Amino acid sequence: MDSLIPFTTSGSLVDCVDRKMLVVLRDGRKLQGVLRSYDQFANLVLEDTVERIYHQDVFAEMKRGLYLIRGENVVLLGEIDLDQEDDVPLRQVDWETLEPYHLKEIADKKQRDELKASILFEKRGFCKEGGEGDGY
């Protein structure tokens, strides 16, 4: 069966179908779900998807359901080891409890990145490139 699939980037995803995966997107979101399908552009379909946010030693989850992810937005895709998934020393809290901390971290990171870009442009001669969500 494997010999029938040409060696391409998306062809290497065939072993990941029907497995629980972690997907990190360009905007920084982290999604977990079961990979059900993909295409030649690495567009992904995740089932039973949850979005996770983290702060220090706690995390929160929001159910997202069926999720279609455009391939150009994927930064990282990895399989979750179900045997070790529960061994992570993080404590789960409510989304509403953790979201303000998460949003503050995002705003702080954006401010630091803008300051770095400004210094690189003004003092080091770098050009201003990229746009919203183009951090990778």
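1. Strands β2 and β3 run antiparallel and are joined by seven bridges, where strands are DSSP runs of E of at least two residues, numbered from the N terminus, and two strands pair if DSSP finds at least two bridges between them. Within this pairing, Q32 stands opposite V50 in β3. The hairpin of β2 and β3 has five residues between the strands, and A42 takes a positive phi near 65° there.

2. The model is predicted, with local features needing pLDDT of at least 70 and side-chain atom pairs counting only at pLDDT 80 or more, while totals for chains, interfaces and linings use all residues. Residues are numbered from 1 along each chain as its sequence is written, and side-chain values use heavy atoms, with hydrogens and water left out.

3. Strands β3 and β4 also pair in the antiparallel sense, over ten bridges, and I53 has A60 as its bridge partner in β4. In the hairpin of β3 and β4 there are two residues between the strands.

4. With a relative accessible area of 70%, Q56 is exposed.

5. For the chain as a whole, the secondary structure comes to one helix and six strands, a helix being a DSSP run of H or I of at least four residues. From the N terminus on, the elements run β-β-β-β-β-β-α. Buried residues make up 23% of the 136 residues. Among contacts (heavy atoms within 4.5 Å) between residues at least 6 apart in sequence, 49% join residues at least 24 apart.

6. The largest nonpolar core has eleven residues, namely L13, C16, M21, V23, L25, L31, L35, L44, L46, Y67 and I69; such a core is a set of buried Ala, Val, Leu, Ile, Met, Phe, Trp, Tyr and Cys residues joined through side-chain atoms within 4.5 Å. Strands β1 (20–25), β2 (30–38), β3 (44–55) and β4 (58–69) each supply at least two residues of this core, and the largest share, three residues, comes from β1.

7. Where does L31 make its contacts, leaving out residues up to four places away in sequence? L31 touches M21, L22, V23, L25, L46, T49, V50, E51, Y67 and I69. A second, separate core of five residues includes I53, A60, W95 and L98.

8. The second largest pocket has a volume of about 280 Å³, a volume being the space filled by probe spheres set on grid points that are joined across faces, edges and corners. On a 1 Å grid over the protein atoms alone, a pocket is an open set of points where a 1.4 Å probe fits, with protein on both sides within 12 Å along at least five of seven lines, and lining residues have an atom within 4 Å of a point. Of the 13 residues that line this pocket, Q32, R52, I80, E85 and V88 are the closest to its centre. The lining divides into five nonpolar, three polar and five charged residues, with Ala, Val, Leu, Ile, Met, Phe, Trp, Tyr, Cys and Pro counted as nonpolar, Asp, Glu, Lys and Arg as charged, and the others, Gly among them, as polar.

How values were computed
Buried means under 20% relative accessible area, exposed over 50%, partly exposed in between (1.4 Å probe, protein chains only).
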